[in-house]
Amino acid sequence: MENNKTHYDVIVIGGGPIGLSTAYHLSKRNTRTLVLEQFTFFNQLGSSAGVSRQFRIPYPEEYMVKLVKQSIPFWDELQSLTPIPLRDKVGTLWFGDPAVHSTEGNIGQAEKALKAENVPYTTLTAAEIERKYHFRNLPSTYTGLFQPEGASIDLKATIQTLYNWNLASPVVEMKDQAPVTRIVQRQNKFEVTTPLGTFISEKLVLSPGPYANSIFHLLDFHIAATYWNMASAFYKKTRPDVQYPTWFVFQNPVGENGNQFYGFPEVDWNYPGYVRVASDFVMKPLDSPEQRTLVPNPKELAFTAEWVKNHMTGLEPVPEFTSTCLVALSKIPNKELLIEFAPASVPNHKNIVIYATGWAGKFVPILGKILSDLALDGRTPFDISHFATGPLYLTSLK
Ligand code: BEZ
């Protein structure tokens with residue numbers, strides 16, 4: 001006799017926004033789902049730390065532009081579940097040295113991809129960027145693009161909306177303080193052990209964020225990743241009339257500093273009266289999540305503050321309310337997101353769906369749909385061919 005308390009159709013390991021979104025989509029298909037979170041729900045220890053993210057359509061790759069466009073109806077669906085605006089549509093401003101190719105790509109390439117996908121945007125000179133968007137002292141060679149669909153994502157409200165749905169769902173259970181210590185397969189089922197007990201399922205979705213390898217190791221494989229402990233800070237506004245869009249500046253590195261920064265408008269859900277500016281580089285990537293501390297790198301903060309002082313207006317150039325966010329980045333060139341089944345060396349690998357690496361805040365609603373499709377149907381109508389790791393990188397440890 002099966003004990004319904006411990007048997008599920010799908011166990012989702014990782015209760016961050018992607019795991020909660022997967023459970024949401026599974027519940028819509030009446031799937032008995034258990035979400036296991038090693039820390040607490042809403043924790044600030046992984047890739048969703050900080051409560052805002054950028055929703056942006058510009059990407060250097062056409063397939064990424066397409067995926068962001070495809071995510072919009074899923075954002076709208078999630079929005080229908082809460083009165084709190086999940087995306088504050090202030091637009092995306094990308095600007096800087098047009099020759100720079102960064103982790104986020106290149107402005108010219110993004111323009112090409114936007115054109116190919118018929119996404120409207122306007123181009124800007126350095127003088128226009130200064131006049132319209134409050135930056136200053138920009139080199140005259142800088143160019144920019146503004147895409148009006150860009151938004152500041154209220155990540156806190158996004159997670160809360162998914163959590164509330166799952167809490168109310170008769171088919172979803174969520175357990176926190178439940179680190180997974182063992183996964184074994186018996187009679188084509190997965191037995192997942194945590195300090196709270198052992199739970200059994202037909203399928204697994206693994207969405208443990210930067211802690212991916214600690215779960216993948218339980219199934220004898222791992223991904224090639226590097227880890228960034230990203231620093232961010234809030235700067236006090238001195239001029240209430242100055243409002244920034246979400247923005248990203250592309251610049252060549254200076255010495256050991258990456259010299260790329262991004263920022264947000266003032267938002268009412270976090271430190272009103274302040275704007276968040278962060279560096280999109282780390283001076284020292286980590287080899288494993290265990291190496292991270294919750295202290296932002298002071299040199300990264302100081303370098304960012306210097307840029308704020310020199311190039312932004314209406315702000316006190318003093319970093320306050322700092323935080324860190326830990327992200328795993330794939331070592332495979334041009335593979336930002338990894339979405340795949342476990343490698344073929346793992347028995348029943350097609351019953352194990354994985355999502356790992358990259359900046360996925362803007363994809364939370366659609367990634368949940370994709371991972372639930374893969375778990376229930378073994379396929380998804382969305383083009384995920386670009387996110388496959390290839391056999392070299394999902395390595396068996398046996
Ligand atoms: C992103 O939109 O994916 C992103 C923005 C800023 C820093 C890193 C990633």
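How do the residues of the shell around the ligand divide into nonpolar, polar and charged?

## The ligand shell

In this predicted model, the shell around the ligand divides into three nonpolar residues, one polar residue and four charged ones. The residues that surround the ligand are Gln-54, Arg-56, Tyr-59, Glu-104, Tyr-262, Asp-280, Trp-359 and Lys-362. Taken alone, the ligand exposes 260 Å², of which the protein buries 94%.

A polar side-chain atom of Arg-56 lies 2.8 Å from an oxygen atom of the ligand, and an N or O atom in the side chain of Lys-362 is 2.8 Å from an oxygen atom of the ligand.

## Charges over rings

Arg-56, which belongs to the ligand's surroundings, also places its charged end over the ring of Tyr-59, at 3.7 Å from the ring centre. A further arrangement of this kind involves Arg-87, which lies over the face of Phe-55 at 4.6 Å from the ring centre.

## Aromatic pairs and a cluster

Across the whole structure, a search finds 32 aromatic pairs. One of them joins Phe-135 and Trp-307 in a tilted arrangement, with 6.1 Å centre to centre and 50° between the planes. Phe-135 lies in the loop between α4 (126-133) and β7 (143-147) while Trp-307 lies in helix α7 (residues 298-311), so the pair ties together parts that are 172 residues apart in sequence.

Phe-135 counts as buried because its relative accessibility is 2%, and Trp-307 is likewise buried, with a relative accessible area of 6%. Both residues belong to one aromatic cluster, which is formed by Phe-95, Phe-135, Tyr-244, Trp-247, Phe-261, Phe-281, Phe-303 and Trp-307.

Terms used:
Residues numbered from 1 in each chain as written. Predicted model: local features only at pLDDT ≥ 70, side-chain atom pairs only at ≥ 80, totals over all residues. Heavy atoms only, no water. Phe/Tyr/Trp six-rings, centres within 6.5 Å; stacked < 30°, edge-to-face > 60°. Helix = DSSP H or I, 4+ residues; strand = E, 2+ residues; numbered from the N terminus. Buried < 20%, exposed > 50% of the residue type's maximum accessible area, 1.4 Å probe, protein only. Lys NZ or Arg CZ within 6 Å of the ring centre and 35° of its normal. Near = heavy atom within 4 Å. Polar contact = N/O pair within 3.5 Å; in protein donor to acceptor, adjacent residues only side chain to side chain. Areas by Shrake-Rupley, 256 points an atom, 1.4 Å probe, with all protein chains shown as cover. Nonpolar A, V, L, I, M, F, W, Y, C, P; charged D, E, K, R; others polar.
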